[in-house]
Every structure is written in C-alpha cells, then in structure tokens.
Amino acid sequence: MPANADFLRTLKLQNPIIQAPLAGGGDTPELVAAVSNAGGLGFIGAGYLSPDQIAQVANSVKAKTTRPFGINLFAPSDPVSPTIPPEVAIRRVAAYFSELGLPAPAFPAGPAFSFSDQLKAALETGASAFSFTFGVLPSEAMQALKQKGIFVLGTATTVNEAIELEKAGVDAVVVQGSEAGGHRGTFQGDFSSSMIGTISLVPQVVDAVRIPVIASGGIMDGRGIAAALALGASAVQLGTAFLTCKESGIPEAYREAILNAMEDQTRITRAFSGRPARGIVNRFMTEVESNDAGEAILPFPLQNALTRPLRTAAAKNGRAEFLSLWAGQGLRMARRQSAAELVARLVVETDAVIRQLQETRSHESLPSKSGAASN
Ligand SMILES: Cc1cc2nc3c(=O)[nH]c(=O)nc-3n(C[C@H](O)[C@H](O)[C@H](O)COP(=O)(O)O)c2cc1C
C-alpha cells in the first residue's frame, strides 16, 4: 500500500491507517489494541478521562498489544461562562430527564481534573503518539511531549489552523474535513466558515505545510484512502468506520442507528455538548435546537455535563433519541465487522483501487491496433 514511508517508519506502522480517538466510549482498549495489532495506529480518546482512568485504559491496551498506540486529549481552553441563564438550558432538558425517570437536571459542574493533570498521566502511558483537538497546546506541554520522544499531532479544520499548529511544533497535522463525525476541531474563526470538505482541504493544507498531513472526514473504504493519498495525505484517520466494529464500545442502539442511517441524515449540532459536532439527527437534537423555543444551550463543556446523565440513561435503556449519535457523512458505508477485518479490507481495497487506476491509464495510453485515431 503506497504511503509516506518516513511517516510509517517513525511510528512503526505497517499501514497508514489511524483509528480516530473516539472519546465517550467508542474506543475500548480492545478496539485500540486490535487496530494496532493489525498494523495501524489505535488511539485512546482520553478527553473526558480522569488521570486514573487514563492510566487504567492505557494499561489495558498494553496488556493486549505490544505495538504502538496513541493518546488524545482536548487542548486546554479558558474557563467558559454561560451566555444564557443556566436555568433556561436546564428547563429545556428537564422533561427528557423525567421521561427517563431521572432526577431533575442540576447546574452542571466542570471536570474535577485539569488538562495538565491529564497530560501528566498521558505522558506516563507509554503511548508513542499524542494528538489533540480544539486548539493549540501550551509550549510547556509540547516540550514535555517532545522530551519523551512522543510524536505529536494537532487537528486543523482550515489551512491557517494547520500553519499555526506547524509553527507550534507539531510533527503532523490531522486535517478534519466537514464530513467528519463528532466534534469540530475548529479553534480559529467561526465554525460555519470552517466547514471545508476533505477533498478541498487536504491538498490546500499539503501545499501550505511541510509536515505530514493526515486526512480525516468521510473516509470509509479503500476508495476514500486512495483519494486521500492522491491528494497528498501521508495517512488517513477514520472514526465512523471503526464505530461499528465489534470491539467498539458504543451502545447497540447507536450502532444500529449508524448502520441504518443515510448520508443525508447527519447534521452539525450544539444540542448535546455546546460545541458543534456532527451526528445523526434525532429527537433531542431537533427539539433542543428548535428555533421557536430560542437559544437554550450552554457553552462546551457545561452543556456536555448537563446532558451526560440523560445520555448515560439513554444508553442503558436503548433510547437512541436521547443519545449523541456522532457519525460522519460516509455512514452508509459502515459495516459490522471486527477491527482486524476492517483494517485488512481497507489495505486490500486501497491497493485494488490504485492498481485499477494504473491499469486504466496504461490501457488508455496504448496505441490503438489499427493505428487510426479514435474519437
Ligand atoms: C464518536 C466520535 C468521537 C470522537 N472523539 C474524538 C476525540 O476525542 N478526539 C478527536 O481528536 N477527535 C474525535 N473525533 C473526530 C475524529 O478524530 C475524526 O475527525 C472523525 O471521526 C473523522 O470523520 P469520520 O467519522 O467520517 O471518519 C470523534 C469522532 C467520533 C465519530
């Protein structure tokens, strides 16, 4: 499979396939280890994990693989204050809490740990790669990662974000196209104008930076990987494709929703977390964002904390209408399979697509037998 050989060598990978960090339960240690064992790079999405949980999950991954794996955190941001009275947001979701038999929602508390606590734990996990989203890392954090010899990847949704990340010293940039499932990594400018499709964004970033570019967003099979490599990407990062693998930790109702949804059934929403993210449209999303009712959403991470009990109960009860069904626009191509099967299939498909393109070209360039010009 063609790929940037330096990138593969540096990260000791057999193929240029990265399993996206899937914070919120998708990326179980079984999934991360299976991807790494298949020659790709499994990632632990640790954005919501406490330092103890980070250590536990990493130990569990290391018990299942001796191959490299990565760890991902959310870049730190300034503390947010609500832009609307919190009671408005609490009132908007209260009926759903009672529908699920939960106590009334309360004012959400922020996490009990800081980014630097999480980073300290991440540095001790033995991960070979560290990626982050939602911003740029403080320079001390970059230094600490570099001192440990960890390969650092930042997430960009525009060319300028990629340039800023390169200046900050990342080793590679993950380019997140607008098709991508989950939260937007945007940290400069406004979210809506940073909705740039993978096919437009990847080559523009490749032209603007010198570091390897990892393409992500809507890539589900060998055709997508071959296209990303043709655009100049050194590797690809897939999220939605891994969510329906048997090792993924998402509730069955979520898996079914992905397997049954069509490409026009996702959209960007702030309803669950306060930060724009792509997911399958459901009742909670539609009703909480209803224009008639006015703005009732707290900023991230407060809205996320507010809706967490609801999402946890919905997962237990198989109620997909209250789950954040994060998924990308390629979801029609999602399959139920093991992670090893998926990685093996992606490698074979990519090679086949590239071979087919080469054969078509060489066939077209053959002179016609009669020597007559064809039109
Ligand atoms: C359920 C889910 C959780 C995600 N969690 C993270 C995360 O914790 N950190 C991160 O950098 N990206 C996260 N992402 C975004 C992925 O890194 C990636 O941009 C996206 O999955 C690519 O698009 P695709 O889903 O179409 O493959 C998540 C995506 C999904 C679907």
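**Salt bridges in the predicted model**

The side chains of E99 and R283 meet in a salt bridge, with 2.8 Å from N to O, a salt bridge being a side-chain nitrogen of Lys or Arg within 4 Å of a carboxyl oxygen of Asp or Glu. This pair links distant parts of the chain, since E99 belongs to helix α4 (residues 86-99) and R283 to helix α12 (residues 283-288), 184 residues apart; helices (H or I, at least four residues) and strands (E, at least two) are DSSP runs numbered from the N terminus. The model is predicted, so that local features need pLDDT of at least 70 and side-chain atom pairs count only at pLDDT 80 or more, whereas totals for chains, interfaces and linings use all residues. Residues are numbered from 1 along each chain as its sequence is written, and side-chain values use heavy atoms, with hydrogens and water left out.

E99 is partly exposed, at a relative accessible area of 37%, and R283 is likewise partly exposed, at 29% (buried means under 20% relative accessible area, exposed over 50%, partly exposed in between, with a 1.4 Å probe and protein chains only). A salt bridge also joins E289 and R267, at 2.8 Å from N to O. E289 lies in the loop between α12 and α13 (302-317) and R267 in strand β10 (residues 266-269), so the pair ties together parts that are 22 residues apart in sequence. Salt bridges that share partners join E99, R283, E287, R319 and E321 into one network.

For the protein chain, the count comes to 16 salt bridges, and the secondary structure comprises 14 helices and 11 strands.
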